[in-house]
Amino acid sequence: MLRRAPFGMNRVPQGRLVRPDVAWIDLPDHGGDGTLPDGQLYQDVVQDIIAKLYRAGARKWIVDLRLNEGGNMYPMLAGIGPLTGEGPLGAFVRDGETWPWVYQDGAVSVDGQVNSRVTGQSHPPLDAETRVAVLLSPLTSSSGEIVALSFQGRPATRLFGEPTQGLTSANGPYPLSDGATIWLATCYEADRTGQVYTAEVRPDLLVRTEWGDYLTPQDEVI
């Protein structure tokens with residue numbers, strides 16, 4: 001028997017230690033400008049989680065994108081930037097042209113235009129050899145996939161889970177004469193190494209999520 005229940009949009013990112021030196025961070029999708037229902041900014045919450053877990057002894061990191069169905073990529077990347085590292089993380093590509101997205105000092109920009117930044121002092125980037133595991137599922141899509149491929153090419157990083165949904169394209173708005181707007185996919189996406197993604201992001205190690213065990217001690221992906 002299925003019963004309808006409220007579904008929370010724009011969930012607040014979460015984080016905790018799963019072992020004394022291993023941190024888990026849930027990066028949910030986000031459909032707004034970065035403002036969460038409680039008034040906090042998505043990117044500030046994520047960097048605050050990173051800072052608290054680092055102080056608590058975290059030296060290895062799990063970035064969980066299994067329930068990230070997309071939305072606004074920029075608060076996500078501005079928040080998780082200390083783990084991706086600074087510099088170009090990927091690019092939109094079309095007809096030989098590229099438009100990189102870059103993380104630097106708590107801000108994410110494209111072609112020099114800052115699209116999201118933390119409001120306070122950003123957490124320093126972690127050492128490039130810090131181990132990071134990125135978790136994927138068939139629900140991971142769109143901007144969630146952008147976050148995943150922003151980790152591709154980073155040292156000491158592996159992807160675990162299942163292939164993503166395959167919406168690795170960028171959308172552009174085109175106004176219509178009746179006042180409506182149609183959004184069309186206009187670009188593909190590439191990771192920092194230049195590899196272009198025209199379909200799903202695939203994990204390095206295939207591990208199926210049993211959703212009945214999600215975030216329990218039996219969660220095989222974690």
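In strand 12, Tyr197 is the bridge partner of Glu189, where strands are DSSP runs of E with at least two residues and helices are runs of H or I with at least four, both numbered from the N terminus. Strand 12 (residues 196–197) and strand 11 run antiparallel and are joined by two bridges, and two strands are taken as paired if DSSP finds at least two bridges between them. The structure is a predicted model, in which local features need pLDDT of at least 70 and side-chain atom pairs count only at pLDDT 80 or more, while totals for chains, interfaces and linings use all residues. Residues are numbered from 1 along each chain as its sequence is written, and side-chain values use heavy atoms, with hydrogens and water left out.

Strand 11 and strand 12 form a hairpin with four residues between them, and Gly194 in the turn has a positive phi of about 100°. Strand 11 is also joined to strand 10 (residues 169–175), in the antiparallel sense, by seven bridges. Within this pairing, Ala170 has Cys187 of strand 11 as its bridge partner, and Asn171 stands opposite Ala185 of strand 11. Five residues separate the two strands of the hairpin formed by strand 10 and strand 11, and in this hairpin Gly179 takes a positive phi near 95°. A further antiparallel pairing, over four bridges, links strand 4 (residues 87–94) to strand 11 (residues 181–191), with Tyr188 of strand 11 as the bridge partner of Val93.

A separate description applies to an open sheet of six strands, which has mixed pairing and the order 1-2-3-8-9-13. Strand 1 and strand 13 (205–206) stand at its edges, each with a single partner strand, so that one side of each is left without a neighbour in the sheet. Strand 2 (residues 22–26) and strand 3 pair in the parallel sense over five bridges, and Trp24 stands opposite Ile62 in strand 3.

Turning to the helices, the axes of helix 1 (residues 42–55) and helix 2 come within 7 Å and cross at roughly 20°, the axes being lines fitted to C-alpha atoms over the stretch in contact and the angles running from 0 to 180 degrees between N-to-C directions. Helix 1 is therefore roughly parallel to helix 2, a term that applies to angles under 35 degrees, with angles over 145 counted as roughly antiparallel, 65 to 115 as roughly perpendicular and the rest as oblique. Helix 1 passes helix 2 in a right-handed crossing, which is one in which the near helix is turned clockwise from the far one by less than a right angle. Helix 2 and helix 3 pack at an angle of about 20°, with their axes 10 Å apart, and are therefore also roughly parallel to each other; their crossing is right-handed.

The largest pocket has a volume of about 450 Å³, a volume being the space filled by probe spheres set on the points, which are joined across faces, edges and corners. Its lining comprises 17 residues, of which Arg19, Val22, Ile62, Ala133 and Ile222 lie nearest the centre of the pocket. Strand 1 (14–19), strand 3 (60–64), strand 8 (132–136) and strand 9 (157–161) each supply at least two residues of the lining of the largest pocket.

The second largest pocket holds about 250 Å³ of space. It is lined by 16 residues, with Met73, Phe92, Ile146, Ala170 and Asn171 the closest to its centre.

Definitions and conventions:
1 Å grid on protein atoms, 1.4 Å probe; cavity = no way out; pocket = protein on both sides within 12 Å on 5 of 7 lines; lining within 4 Å.
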